[in-house]
Amino acid sequence: MSEVMTVRGFVATDPRLKKLENGTDATDFRLACGERWFDREKNEWVDGQTNWFSVTAYRELAKNSVSSIKKGEKVIVVGRLKVRTFTREDSTVGTYVGLEAQSIGHDLTWASSAVIHKSYPPKSSNDTTQASSPESAGAAEEGNSITAEEELCADADQQFEAEDTDDRELAMR
C-alpha cells in the first residue's frame, strides 16, 4: 500500500540522524496519534485509541527534522503510508505501519513557530543567472544564494513599505 496521508500527533521518540550505506541522510521517530473528546455527561476528557506510526525522512528533510523537532512536540506529517507484515524470531506475525515523510511541521494549533532558512552554497561558476535586485546581489556577493520565494518576499516587503509611507503621507495632509 502506498497512499499519501496527513497525520497529526505527538513525537514519541527523539528523531535520530543516521547515514545509509549509500551516504543518504535519514531519520526516524515514532508518532502517537490519539483521539480525544470531551464527554459532557461525565464532564471530563476521554482518551480513545492511539495509533502508532514509524516516521522516516530522508535527505534535507531528515537533517531539518533532527534539528527542529523534539520528543513531546505536536507535529503534522504528510507522507506515504507503508503497511507491511513481518515474522518475528518467535514465529509471531507483526505489522509495521509507517509513513515515509514528504513534509513535517509543527502543529500551529498548539504553538507558534519561527522559520530559519538555511543558506546553501552558491551556484556553480558557469551559472549565468544575474541577480535581479539589490538584496539578491548583496547575497550573491556574500556567497548565499537567494531563492525565488525569498526574492518575492523582499519585493512584497518593499511594496508594503512604499504603501505604508504613502498612507502616512496621506494621513499627515
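Ala, Val, Leu, Ile, Met, Phe, Trp, Tyr, Cys and Pro are counted here as nonpolar, Asp, Glu, Lys and Arg as charged, and the others, Gly among them, as polar. The structure is a predicted model, in which local features need pLDDT of at least 70 and side-chain atom pairs count only at pLDDT 80 or more, while totals for chains, interfaces and linings use all residues. Residues are numbered from 1 along each chain as its sequence is written, and side-chain values use heavy atoms, with hydrogens and water left out.

Three helices and six strands are found in the protein chain; helices (H or I, at least four residues) and strands (E, at least two) are DSSP runs, numbered from the N terminus. Their order along the sequence is β-β-β-β-α-β-β-α-α. Of contacts (heavy atoms within 4.5 Å) between residues at least 6 apart in sequence, 57% join residues at least 24 apart. The chain has 173 residues, and 22% of them count as buried, where buried means under 20% relative accessible area, exposed over 50%, and partly exposed in between (1.4 Å probe, protein chains only). The accessible surface of the chain is about 13,000 Å², and carbon and sulfur atoms account for 51% of that area. Such areas come from the Shrake-Rupley method with a 1.4 Å probe; for residues, only the protein chains shown count as cover.

The next topic is pockets. Rolling a probe the size of a water molecule over the atoms shows where empty space is left. On a 1 Å grid over the protein atoms alone, a pocket is an open set of points with protein on both sides within 12 Å along at least five of seven lines, whereas a cavity is a set of points where a 1.4 Å probe fits but cannot get out; lining residues have an atom within 4 Å of a point. Grid points are joined across faces, edges and corners, and a volume is the space filled by probe spheres set on the points.

The largest pocket holds about 490 Å³ of space. Its lining is made of 16 residues, and those closest to the centre are Asn64, Ser68, Ala114, Val115 and Ile116. Two elements, helix H1 (59-68) and strand S6 (93-106), each give two or more residues to this lining. H1 gives the most, with five residues. By class, the lining of the largest pocket has seven nonpolar residues, eight polar and one charged.

The second largest pocket has a volume of about 400 Å³. It is also lined by 16 residues, with Phe10, Gly34, Arg36, Lys74 and Trp110 nearest its centre. Strands S1 (4-11), S3 (25-39), S4 (44-58) and S5 (74-87) are the elements that give two or more residues to the lining. The most come from S3, which gives five. In this lining, six residues are nonpolar, four are polar and six are charged.

Strand S3 also holds some residues worth a visit. Tryptophan 37 is found in S3 and is partly exposed, with a relative accessible area of 41%. Leaving aside neighbours within four places in sequence, tryptophan 37 is in contact with Glu44, Trp45, Val46 and Gly48. The C-alpha atoms of tryptophan 37 and glycine 48 are 8.0 Å apart, although eleven residues separate the two along the chain. Not counting residues up to four places away in sequence, aspartate 28 touches Asp14, Pro15, Arg16, Lys18, Val55 and Thr56. Between the C-alpha atoms of aspartate 28 and tyrosine 58, 30 residues apart along the chain, the separation is 9.0 Å.

One aromatic pair is found in a search of the whole structure. The rings of phenylalanine 38 and tryptophan 45 have centres 5.4 Å apart and planes at 70 degrees, so the pair is edge-to-face. Rings of Phe, Tyr and Trp (its six-membered ring) pair if their centres lie within 6.5 Å, and planes under 30 degrees apart count as stacked, over 60 as edge-to-face and the rest as tilted. Phenylalanine 38 is partly exposed, at 34% relative accessible area.

Finally, backbone angles deserve a look. Asparagine 43 has a positive phi of about 55 degrees although it is not a glycine. Asparagine 43 sits in the loop between S3 and S4 and is exposed, with a relative accessible area of 59%. Arginine 59, another residue other than glycine, has a positive phi near 60 degrees. Arginine 59 belongs to helix H1 and counts as exposed at 56% relative accessibility.
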